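Dear colleague,

Please find the structure below.

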Amino acid sequence: MDLLQIFSPGQEGIASTLVLYSFVIAAGIFIGKLKIFGVSLGVTFVLFVGILMGHLGYVVNSEILKFVREFGLILFIFSIGLQVGPGFFSSFKEGGIRLNMLAVTGIALNVLIVLGIYYFGNINDISALVGVMSGAVTNTPGLAAAQQTITTMTAGAEQANIMASGYAAAYPLGVVGIILAMFVIKGIFGIKVQDEIREIEQDQESAQLKPYILTVEVANKLVSGHTLLQLHDVIQCNFVVSRIMNKDGKVEIPYSSSQIFTGDRLLIVCSAQDASRFKAVIGPESDMDWESNPTPVYSRRIVVTKSEYNGVALGSLRLHNGYKLNATRVNRAGVDLLASSNLRLQMGDRITVVGNLDDIERLAQRLGNSMKRLNQPNLITIFVGIILGIVLGSINVGFGMKLGLAGGPLVVAILLSRFGYKAKLITYTSSSASLLLRELGICLFLASVGIAAGKGFAEAVFNPTGMWWVIWGFIITVVPLIVVGLIARGKYKINYLTIMGLFSGGCTDPPALAYANNSTGNDAPAVAYSTVYPLTMFLRVVAAQALILCLG
């Protein structure tokens, strides 16, 4: 094959295929970084470049295309599951239930509108409608799951290509529609963003479970002489006394048997909501800089990098008795957690300990504390999970439904990331490795979908039917969001910044979240986004598959 043939349309050779995929992905990522009114479409532009190249006559061998598409899908879905898994179950806890129920309401409205169009509108092709719905809510995994399901049912690619065309037609206005819905809610309620930001800053509810550090001086004579164990019985909440300074200025590492006396100063780590208890029971808060006082007590962070401590309870390390150390906080994936004795450690956790440097070093050697180990990918867990996901996806779960190559790996990844330590499986992956895996998978999938759909894209979209795809997609995007926004603000008085994050997470749309973050300069939208994202991602995939299985 000469050089010109490699770059010519219609070639199906290995070299031509590699060049085509490389160009589509590189050009798509580059164009996707360009911002229009502060919003970029990101990696999704790979799909549009693929469609363009397919329209120009570039092709890929059908078997190779199918393999690359499905393999990319599995990599993407599995990495998504590992990402959202740790927060999937915790998102149902108090504080997140309301936001998740609002997000579920939006998904239900999306499905109802699709059913209404299918039965009463001018589009009765469920494949096209599911593609339009996935594009309208900017949910690529939903498209992937539905495509895999329809391909399994029909053993053909035509319906999958129609679905991709519907997705591509609805996607651009999907991103715009999410941001437009934010403006509509803002206008209806006359919201001033600065007031909402001020309210968020004053509201401590978003930090209730974060470790809060304060210094109190013992002034209550009723607790003078009490041990810290007795103090736990008086103040019934989770807390850690990191250090004690007595009247003479001597600093010591406290134990459960350590006594406190009037005039002592205690460095306490607790939840923000419990801080007032210590001031009421022990004494007033003291303004003291512990780090400026030269003492033999040091605070260091130790990284858990030995696999044998994956899933081990923090209390079982016996830091008091074995190392004369206190653990005050555990940082996991950038989030600080209170170091309670029943907290299960995971690979990559960073434990903040206080004590003598020699004792800290002994503990560090025991736990690993080697960043090199964290840089090594745990490929065994990934491929074992993929095998289990494919097996689960092939099982009939009832009514002829299967989770498929998208749903199976997603469910398994969520379960492994949360409970994998019980099977001695290490699910930790560095953020860069996880991002690479996810982006590589989605790029391979989108490029394959675009190239396959490109041949008939113009005929399918640039006609009255395609116009209706765009119109219905815009309605599917905007109407549920406005309804959810009216409920969130009108009934529950939820902060506007949180609603912006709810909209973005409910549609699993990073560009909309980027707009919300940039326009407010606050992380409240990101907090809401991460709260609803896990459940929303799961239900979006299931909803798309269910529509195909029931109506396809």
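In the residue classes used here, Ala, Val, Leu, Ile, Met, Phe, Trp, Tyr, Cys and Pro count as nonpolar, Asp, Glu, Lys and Arg as charged, and the others, Gly among them, as polar. This is a predicted model, in which local features need pLDDT of at least 70 and side-chain atom pairs count only at pLDDT 80 or more, while totals for chains, interfaces and linings use all residues. Residues are numbered from 1 along each chain as its sequence is written, and side-chain values use heavy atoms, with hydrogens and water left out.

A cavity is a set of points, on a 1 Å grid over the protein atoms alone, where a 1.4 Å probe fits but cannot get out; a pocket is an open set with protein on both sides within 12 Å along at least five of seven lines; lining residues have an atom within 4 Å of a point. Grid points are joined across faces, edges and corners, and a volume is the space filled by probe spheres set on the points.

The whole structure holds three cavities of 30 Å³ or more. The largest cavity has a volume of about 100 Å³; among its 16 lining residues, Ala103, Gly106, Leu481, Gly506 and Arg540 are the closest to its centre. Its lining comprises 11 nonpolar, four polar and one charged residues.

The second largest cavity, of about 50 Å³, is lined by residues including Ile107, Met133 and Arg540. Its lining has six nonpolar, three polar and one charged residues.

The second largest pocket has a volume of about 640 Å³.

Yours sincerely
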